[in-house]
Amino acid sequence: INIPAPPDLKSTPEQIAEGEKLFHAYCSVCHGPGATGSGPLPDLRYMAPSTHDAFDAIVRGGAYVGKGMASFAGVLDEAQAQAVHAYIVNQAKTSIAFCQSDYPKQYPELFETACIQRVAK
């Protein structure tokens with residue numbers, strides 16, 4: 001498995017659920033369902049620690065506007081952006097737990113690449 005360990009965010013199940021709704025309303029069209037990437041856009045489960053640290057600056061502050069990432073300051077407040085971040089971190093943790101379970105080992109032909117980052121071409 002090559003998903004980097006996500007930060008240890010303190011979040012509630014309610015925040016994660018809100019983040020999931022907001023992610024699918026605003027982010028999934030580009031970043032794919034479940035934050036798994038879409039086409040050439042990044043799989044957010046693989047965010048580097050520095051990206052996690054700059055999450056609000058990227059999502060609301062427009063730090064990546066030059067890279068094609070729009071600012072969502074007009075639609076997400078700070079708490080909502082934190083909820084989206086909590087959802088993405090939860091997705092990474094869930095993926096790591098799945099990849100470390102026995103299930104992929106029992107069915108390697110089905111999950112040969114499920115725990116390896118897809119590289120966009």
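**Exercise 1.** Is Ala54 buried, partly exposed or exposed?

Solution. The model is predicted; local features need pLDDT of at least 70, side-chain atom pairs count only at pLDDT 80 or more, and totals for chains, interfaces and linings use all residues. Residues are numbered from 1 along each chain as its sequence is written, and side-chain values use heavy atoms, with hydrogens and water left out.

Step 1. Take the cut-offs: buried means under 20% relative accessible area, exposed means over 50%, and partly exposed is in between (1.4 Å probe, protein chains only).
Step 2. Ala54 has 26% relative accessibility, so Ala54 counts as partly exposed.
Step 3. Place Ala54 in the chain: it sits in the loop between H3 and H4. Helices (H or I, at least four residues) and strands (E, at least two) are DSSP runs, numbered from the N terminus.

**Exercise 2.** Describe helix H1 (13-26) by its span and its two sides.

Solution. 
Step 1. The expected span of a helix is 1.5 Å times one less than its number of residues. H1 has 14 residues and reaches 20 Å from its first C-alpha to its last, close to the 20 Å expected at 1.5 Å a residue.
Step 2. The buried residues of H1 are Ile16, Gly19, Leu22 and Phe23. They lie on the same side of H1, because they cover an arc of only 125° around the axis. The arc is that of the directions from the helix axis to the C-beta atoms.
Step 3. On the other side of H1, the exposed residues are Pro13, Glu14, Lys21 and Ala25.
Step 4. H2 and H5 are included in what covers the buried residues of H1.

**Exercise 3.** Which residues are in contact with Ser28, leaving aside its neighbours within four places in sequence?

Solution. 
Step 1. Ser28 belongs to helix H2 and, with 17% relative accessibility, counts as buried.
Step 2. Contact means heavy atoms within 4.5 Å. Leaving aside neighbours within four places in sequence, Ser28 touches Phe23 and Pro33 in this sense.
Step 3. Ser28 and Ser38 are 10 residues apart along the chain, and their C-alpha atoms are separated by 8.3 Å.

**Exercise 4.** What is the volume of the largest pocket, and which residues are closest to its centre?

Solution. 
Step 1. On a 1 Å grid over the protein atoms alone, a pocket is an open set of points where a 1.4 Å probe fits, with protein on both sides within 12 Å along at least five of seven lines; lining residues have an atom within 4 Å of a point. Grid points are joined across faces, edges and corners, and a volume is the space filled by probe spheres set on the points.
Step 2. The largest pocket holds about 540 Å³ of space. Of its 26 lining residues, His31, Pro42, Leu44, Tyr64 and Met69 are the closest to its centre.
Step 3. Helix H1, H2, H4 and helix H5 (78-100) each give two or more residues to this lining, and H4 gives the most, with 3 residues.
Step 4. By class, the lining has 19 nonpolar, 4 polar and 3 charged residues. Ala, Val, Leu, Ile, Met, Phe, Trp, Tyr, Cys and Pro count as nonpolar, Asp, Glu, Lys and Arg as charged, and the others, Gly among them, as polar.

**Exercise 5.** Which element gives the most residues to the lining of the second largest pocket?

Solution. 
Step 1. The second largest pocket has a volume of about 170 Å³, and its lining includes Leu9, Phe55, Asp56 and His85.
Step 2. H4 and H5 each supply at least two lining residues; H5 gives the most, with 4 residues.
Step 3. Asp56 is in helix H4 (residues 55-59) and is partly exposed, at 32% relative accessibility.
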